[in-house]
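The following note sets out points for a colleague who is examining the model.

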Amino acid sequence: MYSELGSQGSHILHPLRAIMKLRVLASLFALCVAFVGATPNPISGSDNISVRDPAIWYNPDTRKYYVFSTDDGIKIFTATALTGPWTRSGSVLPNGSSINLSSNQGLWAPDVNYIQGLYTVYYSVSIIGSQNSAIGVATSPSMEPGTWTDLGQVIRSSPSDVFNAIDPNIIDDNGLKLSFGSYWQGMYQIGLWPGVKDQASALPGTHLAGGNGRAAEGGFVYKPASSQYFFMFFSAGITPLAGSTSRPAAGQEYKVLVGRGASAMGPFYGQLGNQLTQDNTGTLVLGSHDNIYAPGGQSIFRDPVSGRDVIVYHYVRNSDPNGSPSYLGINYLDFSSGWPVVVS
Ligand SMILES: *[C@@H]1O[C@H](CO)[C@@H](O)[C@H](O)[C@H]1NC(C)=O
Ligand SMILES: *[C@@H]1O[C@H](CO)[C@@H](O)[C@H](O)[C@H]1NC(C)=O
Ligand SMILES: *[C@@H]1O[C@H](CO)[C@@H](O)[C@H](O)[C@H]1NC(C)=O
């Protein structure tokens, strides 16, 4: 930058030119600082796609990305590129889940993986504020609508439990680990073996994050290929729901936090060294910025096309009235500093 500017001027600078040059340099420097410091907006192509709690995967045979979202038996959106255009192509379980709960038609907070030769979606059955919840699982050979088989219930919770059986997340690391839970006494993890719905360790399992009724949910454990660490992402704060008439106090809204650890089973620590099970802990990954309000419901995946780590999340447009829907945000993550940074 400096040498390019220098090559344009005379070697013996007139004082006025020198001042102007300093001003140009100062403003360029300010621009660079702003650029490095600012959180980039979501990549283009998905800002009109209404989702909650999105999860994403790629099928190399159909050469399509599949985004799964809360509601309507888990909505499916497809695109041939991360930049869209995204098409609503159907639902995982359009007739709801076989789980015997009255709330088994909506289905929430999907998690998608490729496990044992099948695309596998874990989903939640619940109603807002209830611990009468369950996590179920469905599989498909392709992820296309109409190809999904519901395998039904994996785990369930009731008001006497310390956890809520929602917000499933699977990591396949020396066997399947199912993380789940929110609010109440926090997020937990059990093993599954040998099948995708076979509980291999006792509930509630290992306490990973949250607790004391804290607004912390949507845990997601991820191991970047480029890092020795496992990262546990979660959403902290109040999520604005469609139809809500007010916003939480500034700073209390949804945001994405993270901790890291040496194992997929934790313990996970924030950058200040506090374990995620302690109060007020976790390192900020993504908060409100520009027109992005209350981002959360995140999931992370390695895009096999670009080889990059991708975060997908929902957010509300800051410029929209209260109660408006949330939209699909997609960004890349850079772990080279040792912690995830949202990048373009
Ligand atoms: C979103 O915008 C794109 C580009 O304008 C358009 O092709 C697509 O149909 C829109 N999708 C929805 C769900 O509105
Ligand atoms: C959903 O239910 C309708 C009506 O019973 C039926 O025709 C349809 O095949 C069902 N779809 C699936 C995917 O099971
Ligand atoms: C479903 O749950 C209800 C309420 O707990 C119970 O009465 C009913 O027997 C259950 N049905 C099945 C098929 O288990």
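1. Two strands are taken to pair if DSSP finds at least two bridges between them. The structure is a predicted model. In this sense, Phe68 stands opposite Ile76 in β3. The strands concerned, β2 (residues 64-69) and β3 (residues 75-79), run antiparallel and are joined by five bridges.

2. These strands belong to an open sheet of four strands, ordered β1-β2-β3-β4 with antiparallel pairing. At its edges are β1 (55-59) and β4 (87-91), each of which pairs on one side only. From one strand to the next, the twist averages 30°.

3. A further open sheet of four strands has the order β9-β10-β11-β12, again with antiparallel pairing. Because β9 (169-172) and β12 (206-209) stand at the edges with a single partner strand each, one side of each is left without a neighbour in the sheet. Neighbouring strands here are turned by 30° against each other on average, direction ignored.

4. Within that sheet, β10 (residues 176-180) and β11 (residues 187-192) form an antiparallel pair over five bridges, and Leu178 stands opposite Ile190 in β11. The antiparallel pair of β9 and β10 has four bridges; Asn169 has Ser179 in β10 as its bridge partner. Three residues lie between the strands of this hairpin, in which Asn174 takes a positive phi near 50°.

5. Which features of the backbone deserve a check? Most residues other than glycine have a negative phi, and most peptide bonds are trans. A cis peptide bond, with omega about 0°, joins Gly84 and Pro85; Pro85 is placed in the loop between β3 and β4. Another cis bond joins Trp193 and Pro194, also with omega about 0°, and Pro194 is found in the loop between β11 and β12.

6. Positive phi values also deserve attention. Met143, in the loop between β7 (133-140) and β8 (149-157), has phi near 85°. Met143 counts as buried because it has 27 C-beta neighbours inside 10 Å, the cut-off being 20 or more. Asp167, in the loop between β8 and β9, has phi near 55°; with 28 C-beta neighbours inside 10 Å, Asp167 likewise counts as buried.

7. Finally, the core. The largest nonpolar core has 88 residues, of which Ile56, Val67, Phe68, Met232, Phe233 and Val310 touch the most other members. Neighbours within four places in sequence aside, the contacts of Met232 include Leu208, Ala209, Val221, Val258, Phe268 and Leu276. Glycines are also among them, namely Gly219, Gly259 and Gly266.

How values were computed
Residues numbered from 1 in each chain as written. Chains lettered and ligands numbered in written order. Predicted model: local features only at pLDDT ≥ 70, side-chain atom pairs only at ≥ 80, totals over all residues. Core = buried A, V, L, I, M, F, W, Y, C linked by C-beta atoms within 7 Å. Buried ≥ 20, exposed ≤ 12 C-beta atoms within 10 Å, placed from the backbone. Contact = placed C-beta atoms within 7 Å. Helix = DSSP H or I, 4+ residues; strand = E, 2+ residues; numbered from the N terminus. Axes fitted to C-alpha atoms, helices over the stretch in contact; angles between N-to-C directions.
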